[in-house]
Amino acid sequence: MEPETPNAGLRAPELSAKNMAKLSNRGLANIVPDSIKAIMRAGCSNPHHPEHNPNGIISLGVAENRLLHAEISEHINSHMHVAQRMLTYGDGSVGSDVLRGAIANFINNHFQPVEKLGYTSVTVLNGVSAILDALAWCICDEGDSILIGRPFYVGFVSDFMNRAKVDLATVAFGDVDPMSLAAVANYETAMEEAVSRGKKVKALILSSPHNPLGRCYTPEVLEAYLRLCSKHGIHMISDEVYAKSVFPNKDIPNPTPFRSVLSLEYRKLIDPSLLHVQYGMSKDFCSNGLRIGAFISTDNLPLHATMRAISKFAWSSSLADSAWSSILSDESFLQGYLIKLTARLTEAYDICTSILHGMKVPYLSANSGPFLWINLSGSLQQKTIESERDLAWRMIKAGVWLATGESYRSEEPGWFRLTFAVPEMEIRLGLKRYWKNPLE
Ligand SMILES: Cc1ncc(COP(=O)(O)O)c(C=O)c1O
């Protein structure tokens, strides 16, 4: 999860040749300093606090929803009871049976799956990042490739590459809308190109709803991806970690609603053993720090078994397990919580976009996720990656951090991802800092 966390990477002085000589080449390969990590590290440092550090940096660069922290922490504080069994290894390293059942039940109630899930379809690890790392390790050999469309969630790079050493075969779209049916053909072209370079393509991953674009795929498009994966016999990975963070707003009168791949007649389109979904507590339950997520696959017990075999290294704490089980099993809380989640995202989106309108900053209208993809190319000295980095540094100097398009492998310089699901004061002050300084 390196790029979305404050402690990612090492500081330059720690990289002395003496220390490096004692480390493995595969370990060292992961800490090569680069400009993306440097910007993220600086953006996460010296965090703003209204009273204790008013001049600190306002972070609008992490995909987190801070709008319902009070509700989640209150629920946990009032329900958490540390039973003695929670001090043991419990049901083992892939989540308690209770939690796996509660997740299956939640998916059955909220994702409209064509078939009801049972707990054996669910493997729990300490976050979706850990799941993607384990999944890549279990379905790919080193040097194999996974297809991914640009722009894409920055964390996928480290999830797949840092340990499993799996390459990303990136897909460019030019003028084609990455969420459209037409975009599916670009994956096939990218796949052929990767194969012609001698690569073995093993999977295609979608972030659905999309990070960073904040949009949902239509069922027709999802079906086309399933057909494509089936045609080439590759795994289809659908990361649905923002499934419930979908909200109405004035920008999109007829938004594409979220549809889980599990709600499609997938058996008619693909060998179901190739279809895998991820969900987690981080985003829809505003709990990036608790570290827990679910891998869902209905027809591939051997894959669950291979993931279980390495799950000890990504075992979620019984405290996180208990917190999520308790929330998922509390129907009346859940009902009210999900209504508030939608309403607060709408409200925060409206506040943020009205400021952006006032500043004449273009953005891609969105209906999902806690972030917006905004176009700051008007503030670039030149339309280059170097100018984009320069703008990011100028903003950090001014006291606000937005995630650079470069880190999401944007095809065009000047795009940034802005997290709007933060207290109103932070969005107002953060954007004021951007507005006052970088344009001077
Ligand atoms: C699409 C996507 N998948 C996975 C993750 C990481 O989730 P977790 O906190 O469960 O590791 C993120 C976090 O930003 C994300 O945006």
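This is a predicted model: local features need pLDDT of at least 70, side-chain atom pairs count only at pLDDT 80 or more; totals for chains, interfaces and linings use all residues.
Which residues does the UniProt annotation "domain: Aminotransferase class I/classII large" cover? According to that record, an unreviewed entry, the annotation covers residues 58-428, and such annotations may be inferred rather than shown by experiment.

Residues are numbered from 1 along each chain as its sequence is written, and side-chain values use heavy atoms, with hydrogens and water left out.

Within the annotated span, 38% is helix and 15% is strand (DSSP runs, with at least four residues of H or I for a helix and at least two of E for a strand), and the end C-alpha atoms of residues 58-428 lie 10 Å apart.

The domain assignment, which is automatic or from a database, gives domain 1 as 2-69 + 334-436 and domain 2 as 82-330. Their centres, taken over C-alpha atoms, are separated by 23 Å, and the contact (heavy atoms within 4.5 Å) takes 41 residues from domain 1 and 44 residues from domain 2.

Now let us turn to the ligand. There are 15 residues around the ligand, each with a heavy atom within 4 Å of it, and those that come nearest are Ser-129, Asn-211, Asp-239, Tyr-242 and Ser-282. Among the polar contacts (pairs of N or O atoms within 3.5 Å), the side chain of Tyr-242 has an N or O atom 2.6 Å from a ligand oxygen, and a polar side-chain atom of Arg-291 lies 2.8 Å from an oxygen atom of the ligand.

Terms used: A polar contact is a pair of N or O atoms within 3.5 Å; within protein, one must be able to donate a hydrogen and the other to accept it, and residues adjacent in sequence count only if both atoms are side-chain atoms.
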